[in-house]
Amino acid sequence: GGGGGGGKATTKVVKKGKDGKAVTHRTLKIAEVEAERLERKKVLMKAAREVLGQVRKHKFSWVFASAVDPIALHIPDYFDIIKFPMDFGTIKEKLDRKHVYSGPVEFCEDMRLVFDNCSNYNTAESDAGLMGNTLRASFEEAWLHHRMEEKIAEEEMLRAHEDETIRQTPNDPIEEEVLEESDKIKEVNRQLADVQKQLAEFQAKQNQMGRLQGGGYGGGGGGGG
């Protein structure tokens, strides 16, 4: 058969993900963006954790360390006035559970809720009211010190840019070059190897029989190809 012309024949097939669905340029870009966003979120939430840590070091922080117990504190009307209770312990738990907060904005809302609840239930002159306002100032200072507003604005700009990039990325399937009929070639090679093995075994048997018959001389006349 005339020798094949150099390069091996290849064909294009659609690349598929683990779920068996076609991988497109856009789905690949989305996966890449999501991985980067996750890394950035880790950095932002670490900063939020540091802000909480700073506030919890304050001498008044024990007041908001855990959920308000209206019975122990003899304030039976607390839940009539405060509809969304919040405390530092709950916030820390939400931070520890990784994916509860979508980002630092939600963390900030919870922190401010602690102080809003305090000022809504207590008068500004009361001990609790004074402590709440002092801690609110401590939180806002820590929030500012860690440049959280700048970081949040930066993240929003990055996300808007990424969303635009995703929109502009074509949704065509990604194609891969593969050797044409590679499975068939493998099968033919396997069959060929089997035939060669059988032939070798057959020749070995022939030689053995020839030696037995001819007293070890003359072999089996090695089949003249």
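**Cysteines.** I looked up Cys108 and found that its sulfur lies 17 Å from the closest cysteine sulfur, the one in Cys118, which is too far for a bond. The model is a predicted one, in which local features need pLDDT of at least 70 and side-chain atom pairs count only at pLDDT 80 or more, while totals for chains, interfaces and linings use all residues. I note also that residues are numbered from 1 along each chain as its sequence is written, and that side-chain values use heavy atoms, with hydrogens and water left out.

Starting from Cys118, I found Cys108 as the closest cysteine, again with 17 Å between the sulfurs and again too far for a bond. With a disulfide taken as a pair of cysteine sulfur atoms within 2.5 Å, I record a count of 0 disulfides. I then checked burial, where buried means under 20% relative accessible area, exposed over 50%, and partly exposed in between, using a 1.4 Å probe and protein chains only. Cys108 is buried at 4%, and Cys118 is buried at 7%.

**Ala9.** I placed Ala9 in the segment before strand 1 (10-14), strands being DSSP runs of E with at least two residues and helices runs of H or I with at least four, both numbered from the N terminus. Ala9 is partly exposed at 47% relative accessible area, and its C-alpha atom is 9.9 Å from that of Glu177, 168 residues apart along the chain.

**Helix 1 with helix 3.** I found helix 1 (residues 25-56) and helix 3 (residues 88-96) packed at about 155° with axes 11 Å apart, the axes being lines fitted to C-alpha atoms over the stretch in contact and the angles running from 0 to 180 degrees between N-to-C directions. The pair is therefore roughly antiparallel, a label for angles over 145 degrees, whereas angles under 35 count as roughly parallel, 65 to 115 as roughly perpendicular and the rest as oblique. In contact terms (heavy atoms within 4.5 Å), I listed Met45, Arg49, Leu52, Val55 and Arg56 of helix 1 against Phe88, Ile91, Lys92, Leu95 and Asp96 of helix 3.

**Helix 1 with helix 4.** What is the angle at which the axes of helix 1 and helix 4 cross? I noted roughly 20° for helix 4 (residues 104-121), with the axes coming within 9 Å, and so helix 1 is roughly parallel to helix 4. The contact joins Leu44, Met45, Ala48, Val51, Leu52 and Val55 of helix 1 to Pro104, Phe107 and Met111 of helix 4.
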